[in-house]
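Look at the sequence and the model first.

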Amino acid sequence: MNVLLIAPHTDLLYADAEVQRILRSGLTVTPVLGDVTQTTLLDEIARNGHDTLWLCTHGTPEGVMLSDGILSAAALAQAVRSSNISLVVLNTCDSINTAQHLQNETRAEIIAT
């Protein structure tokens, strides 16, 4: 698995521990941490070197929170659809709408909390 790990700065209590576990999992991980903008995320997805996208951030019914605001579920789905990503892990709150949109609009498998 080639994992693109997206973890912008948040106040989530266990985010740092989760990121550490993913980085030490033995998977091939490209971490994008700290100041993660929509442009940064979309550029990383467009590089097409990853089969898994793992988001560790806040979520809303509209999408996922990045450093510069919410990336809509529609924009995320479009990026995933045009990439080699076959698995998306949404470790975000309120992820059901985004997960459903990704399931309906892409061929990726979805894991959501």
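Val 64 stands opposite Leu 71 in β6. Strands here are DSSP runs of E with at least two residues, and helices are runs of H or I with at least four, both numbered from the N terminus. Strand β5 (residues 63-66) is joined to β6 by four bridges, and the two run antiparallel. Two strands count as paired if DSSP finds at least two bridges between them.

This is a predicted model, with residues numbered from 1 along each chain as its sequence is written. Local features need pLDDT of at least 70, side-chain atom pairs count only at pLDDT 80 or more, totals for chains, interfaces and linings use all residues, and side-chain values use heavy atoms, without hydrogens and water.

The open sheet has three strands in the order β4-β5-β6, with antiparallel pairing. Its edge strands are β4 (59-60) and β6 (69-72), and each pairs on one side only. Helix α3 (residues 73-81) packs on the sheet and touches β5 and β6. Contact means heavy atoms within 4.5 Å. The direction of α3 makes about 55° with that of β6. Axes are lines fitted to C-alpha atoms, for helices over the stretch in contact, and angles run from 0 to 180 degrees between N-to-C directions.

Now the cysteines. A disulfide is a pair of cysteine sulfur atoms within 2.5 Å. The count is zero.
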